Amino acid sequence: MKRYSFFSLLREGLRGHTGWPRVWRNPEPKQAYDAVIIGGGGHGLATAYYLAKEHGMRDIAVLEKGWIGGGNAGRNTTVIRSNYLFDESAAIYDHALTLWEGLGRELNFNIMMSHRGVLNIAHDEHEARELIRRVEANRLNGVDAEWLNAEQVKAFCPIIDISRSARYPIVGATLQRRGGINRHDAVVWGYARAADALGVDIIQQCEVTGVSMKAGAVTGVETTRGTIHAPKVASVVAGHSSVVASMAGLRLPIESHPLQALVSEPIKPVLPCVVMSNAVHVYCSQSDKGELVIGAGIDHHLGYTQRGSINIIEEQMAAMVELFPMFSRLRMMRQWGGIVDVCPDASPVISKTPVRGFYVNAGWGTGGWKATPGSGHVFAHTIAHDQPHPIAAPFTLERFASGALVAEHGAAAVAH
Amino acid sequence: MFVIECPWCGRRDQSEFSYGGEAHIARPENSSEMGDDTWSEFVFLRTNPKGVFAERWNHAAGCRRWFNALRNTATDEILAVYRIGEQSPTVTTILPATPCGEAPIGSGNDAAKVMRDGEAGKSAVEDVP
Ligand SMILES: Cc1cc2nc3c(=O)[nH]c(=O)nc-3n(C[C@H](O)[C@H](O)[C@H](O)COP(=O)(O)OP(=O)(O)OC[C@H]3O[C@@H](n4cnc5c(N)ncnc54)[C@H](O)[C@@H]3O)c2cc1C
Ligand SMILES: [Zn+2]
């Protein structure tokens, strides 16, 4: 891997950018690998990278049906935070946030990580009580969290309307200063480049169409580019998790829903932080290009069409204009949808399965981007050792029979 | 947004309806004898197919009655509506050529379709008993 540096930028600048090497290879699939990762989103690529880097496995393929980062990785609003309520969630999301803090340097790729702070707004007394409880729980877990009253919210984010007559009055907000946003493509490309440099084959335009098994153990996959043998197969396909699991004869506690986002025309910097409101289903940040990036709630019906209904974004924009009256005449430039894999307890599945050698990482729903490095890191351990990493242990499939759910609707819900 | 045909009131906008998830999941009658695994199957495990799906809707802002629908989740085409207690009818529809692929129409993901040449025009037909 040719490292990026100030000097390489300078050298290439002087010679017209003619010497940049290919960022990752485009290999033909081999007939067999030690491990196959299905899905080239953020989580799949991170899994492959940590498998290669920390567990010495080099004979790995990532199979992606479209292009890497074309799924939810390329469609999400990149809100990153770790202020979840329960110990199990705090452990995994804060593990991820800690990895995010050094990731650009580790991957030698500018992921444009911006720790600009995330506000979670309370609109009534009850919500305020819940959020203050969450701040205390976060602190007990060593996760940075603060409670701001309405005036402090206004000071941190001056364009927000805190007047008592607002349709959704602001009582206060939690603030996680380490939270923020980053650049989704850069994360995908950074992981792909680093994994490729360690020998991982990244194979695009290769859809897995079947999982081969013998005597209760996985033996490989069928793909649109032929049969590939592997003793370990890991599914990291987000919205398509149930479809791929059914190829291995498994049913998951997951339902897939469309989730939408949209961006405005670019304007001068006005929004210095991330603002989220669970109650009115809107979350918003401003990109470096100046566009407002705005996320909505899910469509209630289950589905695989990557668009979503207009009434959802109508309600979300109405709420947004109430919070920020100055956005009322902004034009929206693009709207899109992704398919999110929702678990009944709003927590992920990082698990072995009844099929030996077949692993599942899924159910991140509307909020898995923030977990990308942590998810890949602990899932790689689970695959390499055939037993869960301690941080992943609470998130196995068994919890749906034992009843040990990690019910994070309060912290995960629709907002991220 | 869908236009959904309520079996009692006729065609209405989706915003008049609320969603009830997968249909035809009967509550087990012998729950006291069931183990945790089978109970978990009833409470949590879902089919979540990409293709023909039987689901429940409630006409919340209309007659307030529940009914079932068959919808193609790969295209959002509503293939049939029928009353609670009735068997789902047999339908035909266009499915993606591969399990996780995109259907030739209405998938909402034209970019992925363009990438997948050879798939255009291909279709599969699924019958639901
Ligand atoms: C609109 C929107 C906004 C969001 N906002 C946030 C946010 O602000 N913060 C946050 O933390 N999270 C957010 N999320 C959630 C987050 O995007 C996901 O939880 C996360 O990206 C999922 O992991 P991934 O990146 O690996 O998924 P994906 O990028 O979807 O990767 C899965 C890949 O698997 C591939 N695949 C599927 N089937 C097959 C097959 N059979 N064979 C081969 N490949 C296959 C797909 O093509 C896809 O590339 C948002 C999601 C959406 C849709
Ligand atoms: Zn009706």
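Trainee: What makes the 51 residues here the largest nonpolar core?

Mentor: A nonpolar core is a set of buried Ala, Val, Leu, Ile, Met, Phe, Trp, Tyr and Cys residues joined through side-chain atoms within 4.5 Å, where buried means under 20% relative accessible area with a 1.4 Å probe, protein chains only. The largest such set has 51 residues, and Ile37(A) and Tyr191(A) have the most contacts inside it. Apart from it lies another core of 35 residues, including Tyr33(A) and Val355(A). This is a predicted model, with local features needing pLDDT of at least 70 and side-chain atom pairs counting only at pLDDT 80 or more. Residues are numbered from 1 along each chain, chains are lettered from A, and side-chain values use heavy atoms.

Trainee: Which residues does Ile37(A) contact, beyond its neighbours within four places in sequence?

Mentor: With contact meaning heavy atoms within 4.5 Å, the partners of Ile37(A) include Leu51(A), Val62(A), Val236(A) and Ile383(A).

Trainee: Why is helix 2 of chain A called oblique to helix 9 of chain A?

Mentor: Helix 2 of chain A and helix 9 of chain A pack at about 55°, with axes 7 Å apart. Angles under 35 degrees are roughly parallel, over 145 roughly antiparallel, 65 to 115 roughly perpendicular and the rest oblique, so helix 2 of chain A is oblique to helix 9 of chain A.

Trainee: How do the residues of that contact divide?

Mentor: Into eight nonpolar, ten polar and one charged; Asp, Glu, Lys and Arg count as charged, and Gly is among the polar ones.

Key: Buried < 20%, exposed > 50% of the residue type's maximum accessible area, 1.4 Å probe, protein only. Axes fitted to C-alpha atoms, helices over the stretch in contact; angles between N-to-C directions. Helix = DSSP H or I, 4+ residues; strand = E, 2+ residues; numbered from the N terminus.
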